[in-house]
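Please look at the sequence and the model before reading on.

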Amino acid sequence: MAAMTPITSTANPRIKQIRALSRRKQREATGLCVAEGIFHAGEALAAGDVAYLVYAPDVLVSPFGRDLVGTAEAAGTPVYPVTTEVMAAVADKDNPQGLLAVVRQRSATLDEFTPATHPWPVALVAPQDPGNVGTILRTIDAVGASGLLLLDGGVDVYHPAAVRASMGAVFHLPVARATFDQFVAWARGGGYTVVGTSSHGRSDYRTAAYAPPLVLLMGSEREGLSAEQTAVCDLLLRLPMRGRVRSLNLAAATAVFLYLIHDHLFPQS
C-alpha cells in the first residue's frame, strides 16, 4: 500500500459523501452505496463495482483485509487512508474492522429476466424490512435461484442493513423493480408459473409440481398477498402452523419455500 497522508477531517468531501449515503435519497441520486467490513468490501471488489476504498491503517489489522487494499490499489481502485476517529465517524458498526467500500449499484430491468437466463427468480411485494430483503438475497444465492424482483416499491435493496444481511449477494445477483401489473404481464408473457404463498393456500407445499420457469411470489410482511395478487397465482401454497404462531417471518418463510423448490428441481443435489 502506498504511503498517503490519512484523511483527518469528517469535512473531507469523500467522508461527507459516505455519511450521506446512509440516506436513501443520496443512494438513489448518486447510484452508490456502502459496503462496510472486510467480507462485504471483499465481495464488492470481487464483483468489480467498487468506486473507492477507505481504510484505517491503525484499525485494519487483518492480513486478508490489508491484502484486499493492496490488490485493489494495484488494480487502479482509488484507496484513501483515514484516521481511527474518521473511520469511527463513518462506520455503521460499533467496532469497525477498518475497511469500507463505496460501491456502484447495479440495476437490472424486468425485461432482462427471461426463462432462459432467469428460470427461477423470487418476487417480493412491497417488503419493508431491509434485513429481510438482504437475508432473502443471501438465500437466493445459497439455493442457486435466479435473482430478485421487488414489486410495488418497498425498501431499498442497498440499505446498509440489506447489504449486511445479504452477505455480499446483493453485489452478484440481479435485482429489478416493477409494478405488480408489469410483473403479471412479464410472467404471463414468459410462460412463468407463479407460485404464491398464503395462509389460505390449498396446495400441499411438499408435493406440488414445481417446473421451471417459475417465480416464487411472496407478500409483504404485514399484509401478505392480497386477493387480487393471489388470483394470479398458478399454485397457492401454505405452510402448516402447528403451534400458537400464525405465520413465519418473511425471510424464514421464503427460505423454507426456496429449499423445498430446490429439492424438487434438483433432487440429487
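Leaving aside neighbours within four places in sequence, which residues is F171 in contact with? They are C33, A35, H40, E43, A44, A47, D49, V103, R106 and V163, where contact means heavy atoms within 4.5 Å.

This is a predicted model, in which local features need pLDDT of at least 70 and side-chain atom pairs count only at pLDDT 80 or more, while totals for chains, interfaces and linings use all residues. Residues are numbered from 1 along each chain as its sequence is written, and side-chain values use heavy atoms, with hydrogens and water left out.

**Nonpolar cores**

- A nonpolar core is a set of buried Ala, Val, Leu, Ile, Met, Phe, Trp, Tyr and Cys residues joined through side-chain atoms within 4.5 Å; buried means under 20% relative accessible area, with a 1.4 Å probe and protein chains only.
- The largest such core has 55 residues, and L99, L148, F171 and Y210 have the most contacts inside it.
- Helix α10 gives the most to this core, with eight residues.
- Apart from it lies another core of 22 residues, including V125, V184, W186 and A187.

**Helix α6**

- Helices here are DSSP runs (H or I, at least four residues), and strands are runs of E of at least two, numbered from the N terminus.
- Helix α6 spans residues 130-143, and 10 of its 14 residues are buried.
- Among the buried residues of α6 are P130, I136, L137 and V143.
- Their cover includes strands β5, β6 and β7 and helices α7 and α10.
- At the N-terminal end, D129 caps α6 with a side-chain oxygen 2.7 Å from the backbone nitrogen of G131.
- Just after α6, G144 has a positive phi of about 80°.

Note on methods: The expected span of a helix is 1.5 Å times one less than its number of residues. Buried means under 20% relative accessible area, exposed over 50%, partly exposed in between (1.4 Å probe, protein chains only). A polar contact is a pair of N or O atoms within 3.5 Å; within protein, one must be able to donate a hydrogen and the other to accept it, and residues adjacent in sequence count only if both atoms are side-chain atoms.
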